Each structure stands twice: as structure tokens, then as C-alpha cells.
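This report is meant for someone meeting the structure for the first time.

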Amino acid sequence: PVHLVWLRHDLRVYDNQALYTACSAAAHDKGIVLALFIATPQSWNAHQMAPLRQDLLRRRVQAMQTELAALNIPLLAVEGSDYASCEPLIAALLPLGVKALYAQVEYELREQRRDQQVSILLAQQGVAAHWFDRLCIMPPGSIRTQQGEIYKVFTPFKRNWLQRLASDGIQCYPKPALQPEHSLLLPALPPMQAPDQSSGHWPVSEAEILTRMRNFCQQRVSAYQQERDFPAIAGTSQLSPYLAIGGVSAQQCVARLQLEANEAMWQEKSGAAVWLSELIWRDFYKHILVAFPHLIKHRAFQAETDLIRWPNEQARFAAWCRGETGYPIVDAAMRQLNQTGWMHNRLRMITASFLVKDLHIDWRWGEQYFMSKLLDGDFAANNGGWQWAASTGTDAAPYFRIFNPVTQSERFDPNGDFIRQFVPELSAKTGKDLHWPHRLVTPKGYVKPIVDHNEARKQTLALFAAVKGK
Ligand code: FAD
């Protein structure tokens, strides 16, 4: 019998429950484990998945083929088109003698529809299906108030989450054992297209990903609290692209953190505790998404904010996308995103707030643009981040709290090193002149500010007040 592991966003050998369970089952019935990945570029593009992120996925799949081959597990990487192409491709494998399929669930709507189609096929053909829910550290729905409700606010969610961690601990699955040699003849399906290597500066072997994670937990996490807000410093783990494709699991991060910094992890405000908190945010937004699926349909969590009439000026949006707003920190951040596919968290907050509350553009425009560029694009985290910044979400910043991009810049890029790196037009500027270069005359080659922050702020308050009835 063949045990088929359908890999999607769990592209790792260690701590892969689907893979591990399939190997255990194969050990019992002397079966063969076959892994499968289906590239679905049409659906990825429909979700605005960034080309860089698609490249990272394909490169990681190739690396995993080698890693699994060392365990005698073939990984069949197939080129599909959209999600509807998955069902016939899986159907084509069933005659190999597939006894069961193993996969990790996904929470978004179209992904669920894809999996339902496949489940129906498997049921019709008498093939067992095993779905595992390990995208979050604590499964969605498992952290609830005393009244059994879902938390809509982060702090009590986190308190409950930490209690759960203290009582249940964390479980990771080991690397599966070497499988016996096999002589499986695979059907000729269209092979996955080769990656274009655009994400090439991000290593993709599991060993390198795990080393990055371990090094961060060993050497840098203790300074995380002090350094994490400064984009000129590499003070964060930069693991998000890997967490997004499952090259490493969040469970592995917590297990390693516990090993390296167990005591600090429980001390509020220590680097380890604050980093753990970020991983809890990751869980939080996924739990919210599962509990309130209307978020997937581009609705605001706070329904009344959907009534705001955003002016949505195209030219302003285009200037923001290009990093030509005349606000140096915003421009540097947007250029970092455009050039590298990654953006520091502090800058994501600043640029998101700027788009909505200074340029008065619907947060969904920005959410979509981020998705189309981010290497770590993740629906729940991106949607949660945007709704937080736009003050439309669950645990949102109150709408009257509006970032001042110039003071944010002075505070979080005090020497201007980050700005100078991405805005060469300002390389000769220092001090206050760098954060606001328009005091006397805008330097040659740099853009004049496209809005006045104080004016824009007043308009934002009016836009919100109109729908909040205040
Ligand atoms: P670290 O600081 O090392 O944190 C470790 C991990 O915790 C991250 O890799 C990430 O998986 C998780 N995490 C950290 N902060 C958050 C958060 N606020 N919400 C949810 N998870 C978090 N993160 C994404 O992974 N994908 C996105 O598409 C995304 N879009 C965002 C959009 C906006 C407007 C904002 C404000 C934030 C967004 N974030 C997103 C969250 C955060 O900015 C990134 O996770 C972080 O910058 C990644 O860098 P890192 O791996 O060095 O993070």
C-alpha cells in the first residue's frame, strides 16, 4: 500500500505530523510513503501571492526532494494550474495503491473548498484521509473565555494561551526513519516548473533554516526587546518567510526557545518573552480568521468602519507604492519592500497607518499590495496587521491614535541609517533634516510631501467620527 503525504504549507522533514504519521503507518503495513506537492500558480496569482514567495516555495520543494530522497521517500512535484487541478492529479495517483492521504489543514476559503473536493474523491474511492491541524501552536478554537467564547482581544488570549503552554508543554515530531528501498513506478504527470531563483538570497535547505532559528534563540533573542523596533538593526529573527511556507514550524521555535531561554521566557518584558508574544500574535490572528470567516471576504471586523467613504485617490496610492510620498521613512520602507520582498514590522505599521490615515486610502488596497510583494505573505497576519493599523480590526489601535511619520522616524531610525540605505537622494542629509528634508527647500531629486500630516489627521478623525456616530 502507498501512504500519500500531500505537502502544502508544511515544507519540512522535522516536526511534520502528516509525514511522520504516514511513515509510522507504512512501518506497520510494510507500505511505501510517497510525498506530493502540486504547484498551482493560477490560484496563487489569484490570491496575489508575490512572485518571490512563489519562487521560495518552489525552491524549498526542490530542496526537500533531496532531503526526502535521503530517507528513501520520493517527493513528486507536479505542475498544476489552479486549485481545481488538484483533485484530478491526486486521482491519477490513486491506482498506485494509495491507501490513505495525509495533509495539514489550511484555513482560507478557497483552500478549504479544494480540500473538500479532494475529500469527496477519496471517500468515493475508499481512501482514508487524515487531516492535521498544526498551523498554529494551539489549534484554533482551543483557547476560549470562561463562557466558551473566542477572544477578540489579544492580552487575555495571550494569558490563557500561556497557561495552556505551561500545563500542556509543546510537542514536536521527530524526523521520520529511513524507509525501505522501493520500486514505485510513478505516473507521468507534468513536472513542477523550475524556480526562477529570484528569492535566491534566502537559503532553503532545512538545515540552514533550522540553524537560523537556533542561532536566533541562542544568541539574539535576549536583545530582542531592545532591538526589535529599529529597522537599521537586524534585531528580529527574519524567520517569517519560512514560517509562512512551513519550512520551520512555530512549535519548533517555541521548543527551541524553551531549551535556550526557559526561565527568561516566563519573565515579562524579557527578549524571549516578547518574542514568544509575537508567535502568539501569529496564533491569535489565525484563530480570529477561523472564528470569523467573513474576514476572508474582505470585510472589516468592525462592520461600521466599512461605511467609511475613503477618497481613494489613485495618484496618491501609486506614489505610496513607489515610495515617493516625500516622507522619508515611508519611502525607505516601501522601497525596502519593493526591492527585497521583506519589510521590518515597525515599518509595516508606519506605512500601513500612513496609507490609511494620511492618504485616506482603503486599507484593503494596501493589504493587497503587501501581499503581492511580501515573501512572508500570510493572509491572517497581513489582514490582522492592516486592520490593526487601520483601526478597523479586533484588537485595533483606537482610530484617534494616528502615527506621526516624522516622529516615528526620529524615534526608530535615530541616525537615519535605514533611510539613507533606501533613499539615496537624501544621503547627504543628517539629523532632523533627514527625517523632514522639506524645512527650507526640498532637496533636488527628492519628492515634495504629497500631503500635510496635520491636515490629513483632521480629515481622518472626521471620516471615522462620521461612522462612529461621535
Ligand atoms: P520576529 O519579530 O522575529 O517574530 C517572529 C515571528 O512571529 C514572525 O516571523 C511571525 O511569524 C510572527 N509575528 C511577528 N509579529 C507578528 C504579528 N504582528 N502578527 C502575526 N504574526 C507575527 N507577518 C507575516 O508573517 N506575514 C504577513 O503577511 C504580514 N503582514 C503584515 C502587515 C502589516 C500591516 C503589519 C503591521 C504586520 C504584518 N506582519 C506579517 C507581522 C510582522 O510584521 C512580521 O511577521 C514580521 O515583521 C516578520 O519579521 P520576523 O520574522 O523578523 O519577526
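A polar contact here is a pair of N or O atoms within 3.5 Å; within protein, one atom must be able to donate a hydrogen and the other to accept it, and residues adjacent in sequence count only if both atoms are side-chain atoms. The model is a predicted one, in which local features need pLDDT of at least 70 and side-chain atom pairs count only at pLDDT 80 or more, while totals for chains, interfaces and linings use all residues. Residues are numbered from 1 along each chain as its sequence is written, and side-chain values use heavy atoms, with hydrogens and water left out.

## The ligand and its shell

| Residue | Atom of the residue | Atom of the ligand | Distance |
|---|---|---|---|
| Tyr-224 | polar side-chain atom | oxygen | 2.5 Å |
| Glu-278 | side-chain N or O | nitrogen | 2.9 Å |
| Asp-378 | backbone N or O | oxygen | 3.0 Å |

On its own the ligand has 820 Å² of accessible area, of which the protein covers 95%; such areas come from the Shrake-Rupley method with a 1.4 Å probe, and for residues only the protein chains shown count as cover. Around the ligand there are 28 residues, and those that come nearest are Tyr-224, Thr-236, Ser-237, Gln-238 and Asn-345, where being near means that a heavy atom of the residue lies within 4 Å.

Which helices each supply at least two residues of this shell? They are H9 (240-245), H11 (271-291), H14 (345-358) and H16 (379-390), and H11 gives the most, with six residues. Helices are DSSP runs of H or I with at least four residues, numbered from the N terminus. Domain 2 (136-171 + 205-291) and domain 3 (303-468) each contribute at least three residues to the shell, with bounds taken from an automatic or database domain assignment. By class, the shell holds 15 nonpolar, eight polar and five charged residues; Ala, Val, Leu, Ile, Met, Phe, Trp, Tyr, Cys and Pro count as nonpolar, Asp, Glu, Lys and Arg as charged, and the others, Gly among them, as polar.

## Aromatic pairs

Rings of Phe, Tyr and Trp (its six-membered ring) pair if their centres lie within 6.5 Å, and planes under 30 degrees apart count as stacked, over 60 as edge-to-face and the rest as tilted. The whole structure contains 27 aromatic pairs. One of them is the tilted pair of Phe-37 and Trp-44, at 6.4 Å centre to centre with 45° between the planes, and both residues are buried, a word that stands for under 20% relative accessible area, whereas exposed means over 50% and partly exposed in between (1.4 Å probe, protein chains only).

Tyr-327 and Phe-354 also form a tilted pair, with 4.9 Å between centres and 55° between planes. This pair links distant parts of the chain, 27 residues apart, with Tyr-327 in the loop between H12 (314-322) and H13 (328-340) and Phe-354 in H14. Tyr-327 counts as buried because its relative accessible area is 3%, and Phe-354 is likewise buried, at 2%.

## Two loop residues

Asp-229, in the loop between H8 (224-227) and H9, is buried at 16% relative accessible area, and its side chain makes a polar contact of 3.1 Å with the side chain of Arg-346. Thr-392 is found in the loop between H16 and H17 (405-412); its relative accessibility is 0%, so Thr-392 counts as buried, and a 2.8 Å polar contact joins its side chain to that of Gln-387.
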